[in-house]
Every structure is written in structure tokens, then in C-alpha cells.
Amino acid sequence: MSLFIVNILDGFVTGLLLFMLCSGLTLIFSMMGVLNFAHASFYMLGAYFAYQISLLTGFWVGLIVAPVIVGVIGAFIERYGLRRVHKYGHVPELIFTFGLALLIEEIVQFFWGKSQMAYEAPEILDFAAFSIAGNTFPAYKVFMIFVALGIFLVLLYILTKTRVGMTIQAALSYPETVQNLGHNVPLVFMGVFGVGTAMAGLAGVIAGPVLGTFPGMAVLLGSIVFVTIVIGGLGSLWGALAASLIIGWLQTFAASYNVRMEDILTGLGFTKPEPIWDSAWQDLWTLTLPQIGPILPYLLMIIVLVVRPQGLFGKRET
Amino acid sequence: MKSIKKLALGVAVAGLAATGALAENVKIAFIDPLSGPFAATGTNGLHQYEFAAEKLVNEKGGVLGGTNFEIVPFDNKISPKESLIQLQVAIDQGIRYIVQGNSSGVANALTDAIKKHNERNPDSRVLFLNYSAVDPALTNEKCNFWHFRFDANADIKMDALTDVIAQNPDIKKMYIIGQDYSFGKAVASAAVSMLGAKRPDIEIVGNELHPIGKVKDFTPYARKITASGADAVITGNWGSDMLGLGKAIIDNGFEGPIYTYYAAADGITAAFGEAGVGTLKLVAEGGDAPPEKPEAQEYQKAFKAKYPDGNISQSRITNVIQMLAMAIDEAGTATDVVAVANALEGMTFNDSLWSNNPMTMRASDHQLIQDVHIYAHTQVEAPFDMDNSGFGLKYENSIAAAGEALPTSCEMERP
């Protein structure tokens, strides 16, 4: 039971981290129709910038400054890269962001090398907040929860209660109409892209010390963020939050319970072939839940696409 | 008439080649990844080879009374297929010595190819000096006369590790976790069988494999390990999987030892830092920090002066270079590799920089028998630390001539 509670908390942290990545991506995707393959690369840039800044001035300055730098870079890329490619259609945009992802990875390796960076959580948060049955819960993870929840509330407020938010919401569904009403839609696009990449950067800043800061960190998260926004429904902040948490819990629980295929099959009345290593069914019989954990989100995506193509909270058909 | 001409030409070419060989360097082909995800490890290894050849052979007068060693790098991108192409290029350039270490998959491909090549081309035979690939099969069922291994193989390391664990009465429950591929499985099965033989009372409370390079967050695994009540953990993980797993376990408040194969260098030592002290252990051959011999300390200082960002992470490289030089001098030739291999076979080596005890190249399987140590990750003064982090590896336990008693299934066919 205590392990169950610990897993609930761990999955919550993983889910919130995923949400910080997805919230920006889902807005960008639904608004501009751009599948931004480089989104996770901005997450990586955030971690590396924050690491570099933390060497000079400590963690807290990096926490503020690194996402801002990433956001500005993102806005520039939208203004001078993506917008130019936009008029040629969606495929060139796709290729542009794909190339961007490769470029950022090479640039990171060029400046920081291929090794792991010693990016650490600040010392002031380096203690155990509490522990459940011998499993400690670091204070840094509590801090991560508060940052992510704070971001969610701020975004929710901006999107639903402010004028800028109304324009963004409107531009999500009817960009031409909003443009005809006299709003500067390209500027809104640039702003959303900048803020979205800054959020990815912030996710990188707070995830770097926990999940490791290395050139493969973008690839590791790259595909899962797309899965999340598809499950949640494009353009929906609530959908992104729900899908992130579901995936966070799914992965955490799958990794921590050694449910064996052998037990399930025996329970269903099959007999284990002996000797197992000569059997054609060896792979099926020796499978465990942690081994198939990484593919569960993709399985969930397929189910959602079949049952509810617009995603859990999606409003429009795409 | 024609045949006489051909003969004369042949004699002339042979004569040229012979005089050329006298003046030319002894070339050693370094076939390892110099680009791609493992480039950092490969490049660091190349620097260690170049430095060892320069300092330990060339500056001391070379071999055969004045011939220098020359390291020729070949990038194999850690692919077995690419390695075979590079091997052919090296052979075509007249190179007789191949060194390789990263990935047992590559080593398995190379040893097969070299065996075939040497059978078919007695005039251009080559030797394979394997400095890091630890798959036990290379000196057991797949052994051959042309392959020599300078690192302790995975079974020898596990034998040494379980010797130490067997003496620790505090360890009653063991958790084994590794990457889901051949090496991870080999480590797990060796751990289970050797612990079962030496300490049958130790309960294996977990034995699992996780997807390699796919796990984003190791926290759930760490929770499971704590919940299992394990006193110690064994893992063969490397790279970011090693760092992620280790950090998650330590962050979860686990205080028992974590026995590893590869939790050092290439940024990992720096990233663990203070957190790894007291829990992180590593099994390997090599020297202490600082090494016992003064000349080894000088050597390491000189290396750090030349490569400030590098590490002497594979200290066995100096053994490869020194033992090869000794064997060439003893054989009196660098071109007849059968003579050199005969000199290497059974050689006792007393002059390793890192060890006061002699090492032996076991004749029956060409496995170097040497001391293996259990290291502790701890504070180490520069320049003997790793990643310039102030942390490094110090001896905790030593097993003299580790693996001497382990049998081999090798049936060596000699030319």
C-alpha cells in the first residue's frame, strides 16, 4: 500500500513534467498546424543553458534566465524561419522543424560534448521532504510539483480570463476570421511559439538535475510528447494535463510492478511449454510488465484514436 | 622468360619491402568509434594509446633497437560491419596489429574475420589485441590463437565481486538489475550462479532487465529496490542508464553498496559527485588513486597536462603497448606475427605501471590474468580524480590474480 502511494506521487511528478512540455506544443500545434519536432530540443536547450548559468551564478538565476533565452530563440525561429517556410505548406514546415531538432542536437554536442553534465539540484532543496516506508521523497520533487502547478494556473488564467487569451482561443479555431477582425495574428503566433518553447525550456531546467543532462535527453522525450497531445486533444490545456498525468501514472506503475505474463497465462489455463528456451512462445512467456511499459502510451494513443479521434478533451475534428 | 622476369620483379619488390620495413614504424590499427554516440569514449581511448606509444616506447628508444610505434586510427562507428571494412583497409596498408575494445559485438566480428584472414593469407597475418571487450566467449568457445584479451572478462570480474560480497555478512538480500541485451543478461546469470555457489544464504530479491536506453525516469525501479528490502545492488549498466539508475537509487535513500562495472569517467563520476560516496562501487583492473608507483604518478600527471579534459579511464592500454613491445623485442621481429604471438603467449609481465604484482598472459586461452579490484567512488585529489571533479576511484578490496582458477573451454589451434 505504501508503495502504491509513493508511485502515485512519482507518477504525478512525471506527469506534471510532461505537461510542461505538452502545454506549449499543443497550443503551437493546434494554432499553427505545425508539428514541431524540435519542441523537445528546446527542452534540452533549457537544461544546458541553465547548467551553464548555474556554474556562474547558481541554480536560481538559471531557473529564471534560461527559459527566457530559450523563449526568445524560439520566437526568433518562428519569425525568421518558420514564417518564411509557412507559405510553402505543411510538409516544408515539418521538414524545417525536423532539421532544427537535428541541428540543435549537433550544436549542443559541439559546445558541451557528448558526456553527461554535472547539473545539480540546488543545495537548499537537497534534503528528504518526507519518507514513506523507507522510500524518501526529495524536497526537489515537491518543488517541481509546485512549479508545474503554478505554470498550469497561470496559463489557465491567461487563456480564459484575459483579452490576449481570448484572441489566442479564437485564433485556435478561426485564424482567418480573427485576422479579418483586425488582430495581428502573426504576432500572436510568434508569441505563442515563444512562450511554448520557453515552457519547454523551463521543463528542461527543472528536469535536468533529476533525469540527467546529456545529448540524448531530447530524443528520449521527443515522441512521447506527441502521443500525449494526441491523447489529450489538440489545443486543450485540460486535455494536456489529463493525458500527461495518465501517461505519468501508466509508466510509473508499469515499471514498478513485476506482473509476469507467465502468471497471467497460467491463470488463463495455459500450460507453460517445457523447456521454455526451446519453445517458439519463449518471448511471450518470459515477458514482464516493466519490459512492455514504454509501449503502453502508444497503445493508449491507438485506442483513443479509434474510440475518440479528437482526443479526450478535444473540441474539433482534425 | 616471362617467369624469370616475374621472379626478378618479385625478388626486387621483396627486397624493397624488407628494407622499407626496417625503417618504417610498427603500425598499430586502432579500430573504435571516433564519431557517433560513443565518440567520447573512443577518442579518449585513442589519446591514451598515442600517449602510451610515445611515452613508454618511442621516448625509450623504440623496439628492435630503434623502430617506433605508430597508432593509426580507424573509425568503426561502433558497427561490426564497418569494423570489418576498416580491418580490411588496415590489412591492405600492411598493418599487423589491431587494437579494439568498445563493444563485444564488434570484437566477436573482428576475431572471426581475423581468424579466417590469417588462415587464408599466411603472408599478411595480423594479431588482435582486445583491450576492453569482456564477453567471456572470446576466450572460451570462440577463442583463437590470434586474439589476446588484456581486460578481465565479465566472468572474472563477477568472480572477484562475489568473492568480496561473500565476505560481507551484512548482505543477505541482493537485487540484480541490468539492460535488456546480451551483456546485461550475462552479468545477471553470472551473478546468480556465482552467488549461489559462494553464498547460498543470500536471497536474490530481484533479478530484472529494463529496456536499454529507453527509460526516462528510474525512480519506480529505485522504489521497487527499496521495497524489496535489498541490502545491495549489482548492475552492469553503462552510459546514461548507469547514471539514471544510480542517481535514482541514491536519491531514494538507499544506503547499501551498488556494485557496478562502468560507473566512472565520461562525465559519470562528475555527475554522481558527493552523492555517490559510500554507496557506489566498481569492479575493474588497474591502479589506485594515486597509483602506487611514482612513475605511474608522473605518467598520469603528464597525460593530464597534455589532455586536460581526458581521463586515464582504461589503464590497461599501457599494458597492451608495453607487452607488445616486449613481445616484439623477444621475437626479434615485428612482421612475423606468429613469433610475436608465441612470445606474448604465457608471457609474465612485471613492469605494469598500475600493479606491483606480475601479470600473466594465460597460454590456454590468451586471457591476461591480473589483480582485480573493487573500487569505491570517493574524494580524490587532482590530477588523479576523474572528469576533473575532485572525485575518483580508490581501492577497497583487491583480488590477486583474479580468475586464475576459473576454467576455460578454449581449445586453441596453433599454426
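Biologist: What space lies in the largest cavity, and what makes it a cavity?

Modeller: About 340 Å³ of space lies in the largest cavity of this predicted model, and the name applies because, on a 1 Å grid over the protein atoms alone, a 1.4 Å probe fits at its points but cannot get out. The model's local features need pLDDT of at least 70 and side-chain atom pairs pLDDT 80 or more, while totals for chains, interfaces and linings use all residues, and side-chain values use heavy atoms without hydrogens or water. Residues are numbered from 1 along each chain as written, with chains lettered from A and ligands numbered from 1 in written order.

Biologist: Which residues of the lining are closest to the centre of the largest cavity?

Modeller: Of its 24 lining residues, the closest to the centre are A:Thr14, A:Gln251, B:Val215, B:Lys216 and B:Asp217, where lining means having an atom within 4 Å of a point. The lining divides into 16 nonpolar, four polar and four charged residues.

Biologist: What lines the second largest cavity?

Modeller: That cavity, with about 50 Å³ of space, is lined by A:Tyr43, A:Leu211, A:Gly212, A:Met217, A:Leu220, A:Leu221 and B:Lys216.

Note on methods. 1 Å grid on protein atoms, 1.4 Å probe; cavity = no way out; pocket = protein on both sides within 12 Å on 5 of 7 lines; lining within 4 Å. Points joined across faces, edges and corners; volume = space filled by probe spheres on them. Nonpolar A, V, L, I, M, F, W, Y, C, P; charged D, E, K, R; others polar.
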